[in-house]
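Here is a briefing on one structure. Look it over first, then read the points below.

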Amino acid sequence: MKSSICWRTPISATATRRSARRTAFWCTRSRLYPIATKANGAINVVAPETNFTADVDAILQRVSPRTKLVWLANPNNPTGTYLPFDEVKRLRAGLPPHVLLVLDAAYSDYVSRNDYEIGIELVATSENTVMTHTFSKIHGLASLRIGWMFGPAHIVDAVNRIRGPFNVSTPAMLAAVAAIEDTAHVQMSKAHTEKWRNWLTEEVTKLGLKVTPSVANFILIHFPLEKGKTAADADAFLTKRGLVLRGLTNYGLPHALRMTIGTEEANRLVVEGLRDFTARR
Ligand SMILES: Cc1ncc(COP(=O)(O)O)c(C=O)c1O
């Protein structure tokens, strides 16, 4: 039997609390998972990416009998890359049955690729896989702190026993229900993101900067290491114009900035700003 629950914190780490001594996760960038893992007395093991993308073999090589949980953000933040469903299934098949696989589908609503799947099928056909989804992204409810998890009943039951009482507020639940019903908003937001993600990728690439192909609602822009042309220089230059991108030193990407897809006006202003920045001598 499968069931789902509302969630607020990275509960899956909590679910491993008593027995966890070791967990593995592939996302070298995520700051959320290490905190949840550490908070539960487990050890983080990081599997490197290949081309800013999760590498199933690298994860599997790092799994040991002490591994309890594997996190997979798919699509990933802040790279915007994703693993096709076949690869996710290969990961599940390669993991020992006792290892919980957490599929974090925070950005799934922005993806329109035939080979991508959110993971429902995998949860439904395995006993130790869950998928999580937040209302913070396409639904725009970040400050309400609400999301949901779909998983096998025995895992949901364990999570329900250890999570705090009343940890999701009634206003948050009502807003989440309204958000699910507002399919027009989701469609509009997805179409807008796709249109401007393509446009931004093309325009920024034309400026001679590398952009990692993204399926999410942001793009990762790489900058040269040359003094005056770096990501930090670009960040300072754009910030002076009131254009705030995300510096990624804390994510292990000091030479890149993440740009969230914005309104048409904001997108055009950033491209203009980057054009002026790259033209500087
Ligand atoms: C991959 C990923 N998962 C989950 C979240 C968490 O979303 P929230 O805590 O707002 O529900 C984020 C937020 O940035 C994220 O990037």
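How many bridges join S8 to strand S9 (residues 218-222)? There are 3 bridges between S8 and S9, and the two strands run antiparallel. The model is predicted: local features need pLDDT of at least 70, side-chain atom pairs count only at pLDDT 80 or more, and totals for chains, interfaces and linings use all residues. Residues are numbered from 1 along each chain as its sequence is written.

**The open sheet**

- An open sheet is formed by 4 strands in the order S8-S9-S11-S10, with antiparallel pairing. Strands are DSSP runs (E, at least two residues), and helices are runs of H or I with at least four residues, numbered from the N terminus. Two strands pair if DSSP finds at least two bridges between them.
- Strand S8 (210-212) and strand S10 (246-247) are the edge strands, each pairing on one side only.
- Thr212 has Leu220 in S9 as its bridge partner.
- S9 is joined to S11 by 5 bridges, and these strands run antiparallel. Phe218 stands opposite Thr260 in S11.
- S10 and S11 are joined by 2 bridges and also run antiparallel. Arg246 has Arg258 in S11 as its bridge partner.
- Strand S11 (residues 256-260) is mostly covered, with 4 of its 5 residues buried. Buried means that 20 or more other C-beta atoms lie within 10 Å of a residue's own; exposed means 12 or fewer, and partly exposed is in between, with C-beta atoms placed from the backbone.

**The nonpolar core**

- The largest nonpolar core has 59 residues. Such a core is a set of buried Ala, Val, Leu, Ile, Met, Phe, Trp, Tyr and Cys residues joined through C-beta atoms within 7 Å.
- Val70, Leu72, Leu101, Val102 and Ile221 touch the most other members.
- Strand S4 (residues 67-73) gives the largest share of this core, 5 residues.
- The core draws at least three residues from each of domain 1 (2-181) and domain 2 (184-279). The domain bounds come from an automatic or database domain assignment.

**Helix H2**

- Tyr33, Ala36 and Thr37 are buried in helix H2 (residues 32-39).
- They lie on the same side of H2, because they cover an arc of only 100 degrees around the axis. The arc is that of the directions from the helix axis to the C-beta atoms.
- Gly41 follows H2 and has a positive phi, near 75 degrees.

**The ligand shell**

- Residues around the ligand include Leu32, Asn77, Asp104 and Ser136. A residue counts as near a molecule if its C-beta atom, placed from the backbone, lies within 6 Å of it.
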